Amino acid sequence: MAKLKLEYIWLDGYKPTQSMRSKTKIIDSSKVKGKLDVRDCPIWSFDGSSTQQAPGGSSDCLLKPVFTCPDPDRKNGYLVMCEVLNADNTPHESNGRATIDDDDADFWFGFEQEYTLWDPETNRPLGFPKDGYPAPQGQYYCSVGAQNAFGREIIEEHLDICLDAGLNVEGINAEVMAGQWEYQIFAKGAAEAGDQIWVSRYLLERTAEKYGVTINWHCKPVKGDWNGSGMHANFSNTELRTAGSQKKFEAICNKFGSKKAIKDSIAVYGADNEQRLTGLHETQSIDKFSFGVSDRGASIRIPVLVPANGWSGYLEDRRPNSAADPYKVAANIIKTVKN
Ligand code: ADP
Ligand code: MN
Ligand code: MN
Ligand code: MN
């Protein structure tokens, strides 16, 4: 009888940035009819005292499977994204997914995940020489050629494995700094979008392992005149998709401009974001709030297609950074729009 390998993935309790942890559970294929469903995956547990999620004397935390897809790189393998629960089945305080208030999946999210391929030997991005700097920014964005695009075999392999897993990747591109790349993932439903981003991050880390390359998720990996890394959150609900009104768009943008909304947003948009949101490099400064059509120097950009389509569509919050938790980002956006 075949055995299935289920890789249970969860987020640890480290602050301010949570990391992924995972371990393999073997089950009999006879337990599964057809393609593995998340309901086929049993609740499991782990040692929360090793992940800053529980004290040693009462260390068990629970893993509740919430999303599953095939693991194309592993024989009879599946990836199983999990929420962390306390021993009494309540959501653990590190569980951002449980804070999402979007039961009817009316919110759609498209996350643009930027990251930097990192050479652990030089402790610099791929494409940076051991000493000094490569040519200044300008030639790397959406580039081709060995002098411009670094690590393409890794990002191509990652794209294929994501598509084979069934993740809804919508595109990829080389970014503004040497060694920096982006992919976009879209889903109808905030939790689903977050699940897919986390699984894609897991697959990126694991793909890069094979090349001895690490993924630098930090939002400003190289100081100075080098772009930081974001995770722009494009979002819509029925109201935005069918607005037909500039006023409605601006009313929603203005909700994000209250003092409380700015504070709540920045709190979950990723650590060290003041290093990235400087007002330079296609960002608005962290202590300012603005929105505008086609404005990549704004906190929130109204895509140019929105007025072109009679003021219906979506918004782009440009502030979330590459290391932010997409669950918490989405939860914040939904809370702010619904408020
Ligand atoms: P840019 O680099 O110009 O900011 P991208 O093409 O990288 O834009 O990303 C745009 C994102 O917007 C994609 O992830 C796409 O899925 C998402 N998107 C498009 N339409 C909607 C919508 N109605 N609701 C939510 N997200 C959307
Ligand atoms: Mn983009
Ligand atoms: Mn980008
Ligand atoms: Mn963008």
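How many helices and strands are there in the chain? I looked this up and found eight helices and 14 strands. I noted at once that this is a predicted model.

**Overall build**

I checked the size next. The C-alpha trace spans about 55 × 50 × 40 Å along its principal axes. For 339 residues, a compact globule would have a radius of gyration near 20 Å, and the chain agrees, because its own value is 20 Å.

Then I looked at burial. Buried residues account for 54% of the 339 residues. The accessible surface is about 15000 Å², and carbon and sulfur atoms hold 50% of that.

I also looked at contacts between residues at least 6 apart in sequence. Of these, 65% join residues at least 24 apart.

**The open sheet**

I traced one sheet. It is open, has five strands, and runs in the order β2-β1-β5-β4-β3 with mixed pairing. Which strands stand at the edges? They are β2 (20–28) and β3 (44–47). Each has a single partner strand, so one side of each lacks a neighbour in the sheet. The twist from one strand to the next averages 40°.

I then followed one pairing inside the sheet. Strand β1 (residues 3–11) and strand β5 (residues 77–85) are parallel and share five bridges. Lys-5 sits opposite Gly-77 in β5.

**The metal sites**

Which residues coordinate the manganese ion (ligand 2)? I found Glu-112 and Glu-182, each through OE, at 2.2 Å. These two glutamates are 70 residues apart: Glu-112 lies in strand β6 (residues 108–119) and Glu-182 in strand β9 (residues 180–188).

Are they buried or exposed? Glu-112 counts as buried because its relative accessibility is 14%, and the cut-off is under 20%. Glu-182 has 5%, so Glu-182 counts as buried too.

Glu-182 also coordinates the manganese ion (ligand 3), which is 3.8 Å from the manganese ion (ligand 2).

I moved on to the manganese ion (ligand 4). Glu-316 is in strand β14 (residues 315–317), 204 residues from Glu-112 in β6. Both Glu-112 and Glu-316 are buried.

My last entry is a bridge. Glu-112 links the manganese ion (ligand 4) to the manganese ion (ligand 2), and these ions lie 4.1 Å apart.

How values were computed. Residues are numbered from 1 along each chain as its sequence is written. Chains are lettered from A and ligands numbered from 1 in the order in which they are written. This is a predicted model: local features need pLDDT of at least 70, side-chain atom pairs count only at pLDDT 80 or more; totals for chains, interfaces and linings use all residues. Side-chain values use heavy atoms; hydrogens and water are left out. Donors are N, O and S atoms within 2.8 Å of the metal (3.2 Å for Na, K and Ca); water is not among the atoms, so sites may look incomplete. Helices (H or I, at least four residues) and strands (E, at least two) are DSSP runs, numbered from the N terminus. Buried means under 20% relative accessible area, exposed over 50%, partly exposed in between (1.4 Å probe, protein chains only). Two strands pair if DSSP finds at least two bridges between them. Axes are lines fitted to C-alpha atoms, for helices over the stretch in contact, and angles run from 0 to 180 degrees between N-to-C directions. The radius of gyration is taken over C-alpha atoms; the globule rule is 2.2 Å times the number of residues to the power 0.38. Contact means heavy atoms within 4.5 Å. Accessible areas come from the Shrake-Rupley method with a 1.4 Å probe; for residues, only the protein chains shown count as cover.
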